[in-house]
Amino acid sequence: MHLYNLTLSRASGIQCAIYGNFSGPKAQELVVSRGKVMELLRPNESGKLQTVVATEIFGCIRSLSAFRMIGASTDYIVVGSDSGRIVILKFNKEKNSFQKVHQETYGRSGCRRIVPGQYIACDPKGRACMIAAVEKQKFVYVLNRDNAANLTISSPLEAHKSHTIVFSIVGMDMGFDNPVFAAIELDYGDVDQDPTGEAATEVQKHLTLYELDLGVNNVIRKWSDPVDNGANLLVAVPGGGDGPGGVLVCSENFIIYKNQDHEDVRAVIPRRSDLLADRGVLIVCYATHKKKAYSFFLVQSEYGDIYKVTLAYEGDTVTEVKIKYFDTIPVCTSICVLKTGFLYAASEAGNHALYQFIGTGEDEEDVESSSLNLQETEDGFQPVFFDPRPLKNLLLIDETSSLMPITDMKVVNLLKEEIPQIYAICGHGPRSTLAVLRPGLAVTELAISSLPSAPTAVWTIKRSTTDEFDAYIIVSFSNVTLVFSIGEEVKETNDSGFLGTVSTIHTQLLSDSSMLQVHAGGLRHIKNDRRINEWKVPGRRSITKAASNEKQVAIALSGGEVIYFELDQMGQLLEERKRDMDEDVTCMDIAPVPEGLIRSRYLAVGCANGAVKILGLDHEDGLKDLALQAMQSTPYSALMLYSAAVDEGGPVGGVSEAGGLFLHVGLDNGVLTRTEVDRVTGQLSDTRSRFLGTRPPRLFATTVRGSRSMLALSSRPWLGYSDQGRFNISPLSYEALDYASGFASDQCPEGFVSVLKDQLRILSVENVGESFNQQVTRLRYTPRKMLVHPQHNTLIIAEADHGAIPLAQRADLQQRAEQSGQALQGVEFDEEAAALEEQFGAPRGEAGQWACCLRVVDPAALVTTFVLELDNNEAVTSMAIVAFNPAAQIAAGAASHEPLLVVGTAKGLKYLPTDCDAAYIRTYKILDGGKRIDLLHKTQLEIAAVPGALTGFKGRLLAGVGNVLRIYELGKKKLLRKCEYKKLPHHIMYLNVQGGRIYVGDAQESIHLMKYKNNDNQLYCFADEASPRYLTTLLPLDFDTVAGADKFGNVFVARLPADVSSQVEEDPSGGKLAAMMNSLNGAPHKLKALVNFHVGDTVTALQRASLQPGGQEVILYATAMGSIGALYPFTSKEDIDFFVHLEMHLRQENQPLCGREHMAFRSAYFPVKDVVDGDMCAQYPTLPVAKQRSIAEELERSPGEVLKKLEDIRNKIL
């Protein structure tokens, strides 16, 4: 078995974000880390965040920091990763990519306790940076310039201290004095030597300052002072003439200003009035806004409250610290203040947001805490209370969707569509959602208006070539043409100069800002001053097809004659030449004029005999055939596009001499072909095809990210566009359209106007570049498990939150229900209340308190049909739909034909170690066609062990309770235990059954294969795996093969050897005797690992599915960071050989950006085995042309053939 791994949707969670000017002096940009992907984000003019570039680094990004050299205009990025190397990057605007400036090795690879990379701090003047480990090691690097003004980096200077744990580091602002770095440290040396444990109670955190002496080039511990043991975060205070310098130490309930030779200035952090007294307030992230005259800090607590911190100082002496409540937003991993007045919030869970400042927090009504008003009481310092309120200083501008974390996923076609839907439960607490994902791009309807009848075509046209937005929409009917002017409203106009009494075939804005209308009777050339030139069709013939660009026009007459026109310097359309094609012309197109040339050289013509011809438009060519290609069906439409050029590592330019020219042809059989046109000879080569739908594709030009792109309308619409050097064609999640044209206005800079029957629709495409669009519905608590009812196609979701207040005890919701006169219901059913709870967070309960519910969702309408809250402080840990013995179901009072829902719950569930006060298995009847559940009975287990997994087994229930595997039968009052097996190692977290074989997943000891001997009423284990894997999910692929994933980010496939499998099945004892003879303290037989691969993110769900109609099945996986990937099984040895060698060459020619060895990363825990990394292969189009050519020659292919193979395998998956 050989698999091809491909990430279909990048991780959407963010670990850290930094702000800076990376591409230009005034560019307001963000660099975010998404685990193993680094992205550059930039807000556009309308405030929407756009991804400029996303780079896979094939490693784990642990920390990011930005710095700027003195006198420079752009920022560098320092990356701490698991490579054991410090890497400095800069963004190359011309090549649109990150470039490595320096890479220095300092330690071993991997995320280790004593290997630096967890923390990075830079000197504000860009003179040095410190990279630190969680424990012991710290290195300082001196940054400088050489004579050519290039960045240089010194050898590392050590600042190690043994037996010391670091909690936070920061670079202090010392002006132009020696750089100083501050760290919160805890020395545990005495604790290690003390067997009594008393030293652990007396351990003390210290704030330590490390000074880099630039004169003698060494680092010294300059100063150390005790700080609160709750200290967790440091914030540098501007100094060197811009402020007093020093640091703010954020600790539990306090923010303390500290500096050498300065007394502590302490202020209490305001706390919510409804917060339990034993709960502290910790700061989790911060942002600094610094100006010469004024600076402030925004800090966010673990509850989402943002505080504005300001300092009052005289010279270098701070007299007061003020902490003022600013606003409340969801809890973030990072917040960044942009100098254009925006705040970027990278959320811990749920969507990320961009806010605009509409206030600076100067309102006197808001609660403020000051160090001058600090009052000490017997119980400590007097707290300051406030109540959170709706946003007052911030305004939400944009949200970017995030699925982090995906806790479970099902891929199933519940809606009877062409392809299955992906149902993912994700999020945390009140930000939890059920997301329905479909391959394709989301479409937003901006306007819909009815027309008198069904049009035959639609176009948009500008008033002048210098205009940014379109001025007219031209709609053609069978016998008339309507022209609509675009302004504050779209209305019909008669002053455009278009002839309204005929049906229009084609329109074009020419280079002199004149307009062209092509109709069956001729050409109508409308000059700027509204003078009109007409060209009539000779004889009784008529125009059937037309194509044009800003300087050239070609028309096809009935009978197959092609006539070619050019716009001369005087602004006249002159007939240049004509040619009889001997066949009816079915489609034609001319590419835009390349920069620096006076005409496009080629005309593509599709003929009724199934041939596509390239005709030369140069004077010496005279419309002669330059190339001919026979198609498998009659050409229906054609469109020529330029691809972006790729030079030295990144796509550059657009319609230029460097880029390629491609001819797209839609055929009658629903296939789209894409063929490269040689820009020198006009020859056709490297044809690729893709089936788009049952209707012949109509191809239209539109604009995506400022580049000319393709809109293909078949039985569903598709969008073809260039993304980071690769041409993508993605379906649009919208109904089939008839005609379309690109559309640009101030409200919609890049959209399209379309026709559907007798309706005119203005649409825009959202999130271009993403593989999936999503619909979401809110949930109440963190989703834990999800089931699909096999008969009724409904979804059953289990939700549970620790430290949350159950619905029945929510006084605020009860009061709201009494006021409205409605029954008590969750906030997810009230959009306004749900938005507030998402902002403020749910009320906090006591430790050990659980809130839990079971939910039934109708996937067609994506609405909740039933919710059941669980009482008794129980949390759902497992559930399954089980078809018990029909006689037993009837005896228990349930219908014989309807399976039952069985739910495992734990009362007072605790982790580390996993334990509970009591355990139960609840049995529910499923009623009303799967839309409601009702409790049948509840069985308390005699052992207080968590029921981790449930499944049906031959009309009974198979339950994993702790490390005990049991079989239950359905009784009238409770479940009846029939059999159990007590020899499994730790905790059963997964169960599946195929035939008589039981697949057991252990939380720490991988897979166990078991059988049940009915005659002896015994369970026994006959096979297991030698590697101790900490499983997160399992997926049986066939009777002997199982795929699984562990919590360290590894995916594997294991198989029971065929001879062992047949031996077990044919053994008269069923393998029972062999099971008694254990091997290596385990089962007698061992599973063999077929596949090992390190994904780099914890995989939470595995599913088998085909994402294309009639396509091959793949293994889909979802991760905790919100990414979705696929493992595609190769079907030929030729493909395996090709991609293995391509991956090998790319490992050598395209080293990962952050210094991690690709092979070492993919083999982080187990050596990679029989998996080709498609994400590495996908880097091929971004390589310089020379490298692409050399790799292709090594593979004995052309670069076009390599790209075609990459495109084909991606199209087979998605």
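1. A search across the whole structure, which is a predicted model, returns zero disulfides. A disulfide is a covalent bond between the sulfur atoms of two cysteines.

2. The protein is divided into domain 1 (61-86 + 103-226), domain 2 (539-736) and domain 3 (1130-1213). The points below concern domain 1 and domain 3, whose C-alpha centres are 37 Å apart.

3. In the interface of these two domains, eight residues of domain 1 are in contact with five residues of domain 3. Between them the domains bury about 490 Å², with 45% of this area on carbon and sulfur atoms. On the side of domain 1, the residues that lose the most area to domain 3 are Asp 82, Ser 83 and Arg 85, which together account for 55% of what that side buries.

4. One salt bridge is found across the interface of domain 1 and domain 3. A salt bridge joins the side chains of Arg 1156 and Asp 82, with an N to O distance of 3.2 Å. Asp 82 is also among the residues of domain 1 that lose the most area to domain 3.

5. Four residue pairs are in polar contact across the interface of domain 1 and domain 3, with both residues at pLDDT 80 or more. The side of domain 1 that touches domain 3 consists of one nonpolar, five polar and two charged residues.

How values were computed
Residues numbered from 1 in each chain as written. Predicted model: local features only at pLDDT ≥ 70, side-chain atom pairs only at ≥ 80, totals over all residues. Heavy atoms only, no water. Disulfide = S-S within 2.5 Å. Domains from an automatic or database assignment. Contact = heavy atoms within 4.5 Å. Buried area = accessible area lost by both parts, 1.4 Å probe. Salt bridge = Lys/Arg side-chain N within 4 Å of Asp/Glu carboxyl O. Polar contact = N/O pair within 3.5 Å; in protein donor to acceptor, adjacent residues only side chain to side chain. Nonpolar A, V, L, I, M, F, W, Y, C, P; charged D, E, K, R; others polar.
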